[in-house]
Amino acid sequence: MRTLAFALLAVFIIGPLMQAIVLSLTVTLPHPGVTVGDWSLVNYRNIFDNPALVASLHNSLTYVTANVILTLIVALPAAYALSRYRFVGDRHVFLLLLAFRITPPVVLSLPIFLLFARLGLLNSSFGIALVHCLFNIPIAIWILESFISAVPREFDETAFLDGNSLSRFFVVHLLPVIAPGVGVACFFCFIFSWVEVVFARILTSTGGKPITMAIDALFTFQTDIGLVMAMMVLSLVPGVALIWFVRNHIARGFQLRA
Amino acid sequence: MTPRTDNRAWLLVLPAMTVLAVVGLVPLMAVFNYAFFDIFTLQSRFWVGTEWFAELVGTSDLYAALGRSMLFSTLVVLVQFPLGIGIALIIPRGRLTGSLVLMLVAIPLVVPWNLIPMIWLNLLHPTYGTVAQVFDAIGFDFNYKFNAVHTYALLVTVDTWHWIGLVVILTYSGLSAIPLSYYQAARIDGASRAQVFWHIQLPKIRPVLLMALLLRVIDSLMIYVEAFGINAGGPMGATAFLSLELGEEINAFNYGPAAARSVLYFLLVLTVAWLFRVAMQREVR
């Protein structure tokens, strides 16, 4: 009974992806040396022959990495403060974080475009990395806060008694203990940044296009659907790899605190 | 363990708040400002006061879009919560199967949003789509382009495929926090499976469920890319949600009205979030 339920679930989740994978391995437009309809790796080879597509892979990886690093640097101290201290306005910080997490991107698309144009951040991976902090910082703070709160306070006190400074305590003592939490936070920051389209589109009007936009640009009068699907399959690889690393901790990040 | 009071802790929160102010607060204030202007180019604009708001609130257009958005969110919640909770309940705890199922349901979460409609429209492609061929074989005339019911069915299915993992992960996270002794006590008292669910599991996972509900309601109100990719708000505007209408105004360069719409939209989302927060605080107390 339970096995049947899981099998149905697997079909529902994997099924639509299977079609994409099959298409990515099929020749859908005439290319030299292959016949349309045959099985072939030609689509994947074509990706690496196309400088725009290679650049887009590179752009996506750059801004996602920059976003994760930036988010962690500012979210870790904030999560620590929220977990360990009471201070003026701490409850409001949470409401504020919630407000930023739920702000619809389309609401902010125009002013962000104008602001970033003035700051010279258009068509740059850093611009996208920065704007994605809008929803990733709140997520990271929530997750890290719940992991830090699970560490007993005595742990901090012992470290401080041993003469550690706050920054040294963070890097040497706290980070190893909450490593799973950092992993889960990285995972969620990664996926929300990797899959986001609205900001990525408006901020890369001419250059610096990420994978998502490069795929959109492949749609022409005669679309090579096999190439599109091959690109799509490639876009899933980093995310699926990350899921593998956080699989045992993924459910722990959301113990609720209001 | 009560946290210590120390206002210097603000210094630790400051970097995060600074980044959020730059990418969130400043643009929000700009939106608020634009909402009171008629904007031709951004250099020439005219103060129009609350005209855009009056126009929006005065016509039935806004309420129709709001109704469609709420219908969609309701459908999403009604489908995804029973399903997600059901899946989370049957995942075995702390075993390889458990992590495999969690991994499986998390896969759609990492698919870039503009590719999701592509994947599903492929399944419905008349020549090579598997699902289209199945429908053909059983003689079911599925027409998501021109039949509103079918468009909604497709959108809800796609959204469920995409987000069910989040509901499952959150519910599973809540369930794993329940101490085993609760179940043992229930077994000794001879409680049935249903009684265990209603009296132990459900009350214990309520806070996490509220969190999941908040995220799902808000994210479904925000749905843009998928709805646009599948039918661009059609047929006859039947799936023209709040966010799609807003996107249309922006694409038409009607910045003033778009900003006014944005302000109302943001206030709506904020109200929903605030209601949830009140509910959550009551829950924790």
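Below is a short chat about aromatic contacts, one backbone angle and some annotated helices in a predicted model.

Biologist: Hi! How many aromatic pairs are there over all chains?
Modeller: Hello! The predicted structure holds 21 of them.

Biologist: Nice. How do the rings of A:F187 and A:F188 sit, stacked or edge-to-face?
Modeller: Their planes are at 80°, so the pair is edge-to-face, and the centres are 5.1 Å apart.

Biologist: And are those two buried or exposed?
Modeller: A:F187 is buried, with a relative accessible area of 0%. A:F188 is buried too, at 1%.

Biologist: Which residues form an aromatic cluster in chain A?
Modeller: One cluster is made up of A:Y80, A:Y85, A:F155, A:F160, A:F169 and A:F170.

Biologist: What about charges, which ring does A:R247 sit over?
Modeller: That would be A:W244, with the charged end of A:R247 3.7 Å from the ring centre. Likewise, A:R101 has its charged end over the ring of A:F192, 5.3 Å from the centre.

Biologist: Switching to the backbone, what is the phi of A:N123?
Modeller: Positive, about 55°, although A:N123 is not a glycine. This residue lies in the loop between α5 (105-118) and α6 (125-149), and A:N123 is partly exposed, with a relative accessible area of 27%.

Biologist: Now chain B. Which residues does the "transmembrane region" annotation cover?
Modeller: The unreviewed UniProt entry gives 12-37, 70-91, 100-120, 161-183 and 263-280.

Biologist: How much helix is there over 263-280 of chain B?
Modeller: That stretch is 100% helix, with its end C-alpha atoms 25 Å apart. Residues 161-183 of chain B are 87% helix and 0% strand, and there the end C-alpha atoms are 32 Å apart.

Note on methods: Residues are numbered from 1 along each chain as its sequence is written. Chains are lettered from A and ligands numbered from 1 in the order in which they are written. This is a predicted model: local features need pLDDT of at least 70, side-chain atom pairs count only at pLDDT 80 or more; totals for chains, interfaces and linings use all residues. Side-chain values use heavy atoms; hydrogens and water are left out. Helices (H or I, at least four residues) and strands (E, at least two) are DSSP runs, numbered from the N terminus. Buried means under 20% relative accessible area, exposed over 50%, partly exposed in between (1.4 Å probe, protein chains only). UniProt positions are given in the numbering used here, feature names are shortened, and annotations may be inferred rather than shown by experiment. Rings of Phe, Tyr and Trp (its six-membered ring) pair if their centres lie within 6.5 Å; planes under 30 degrees apart count as stacked, over 60 as edge-to-face and the rest as tilted. A charge sits over a ring if NZ of Lys or CZ of Arg is within 6 Å of the ring centre and within 35 degrees of the ring normal.
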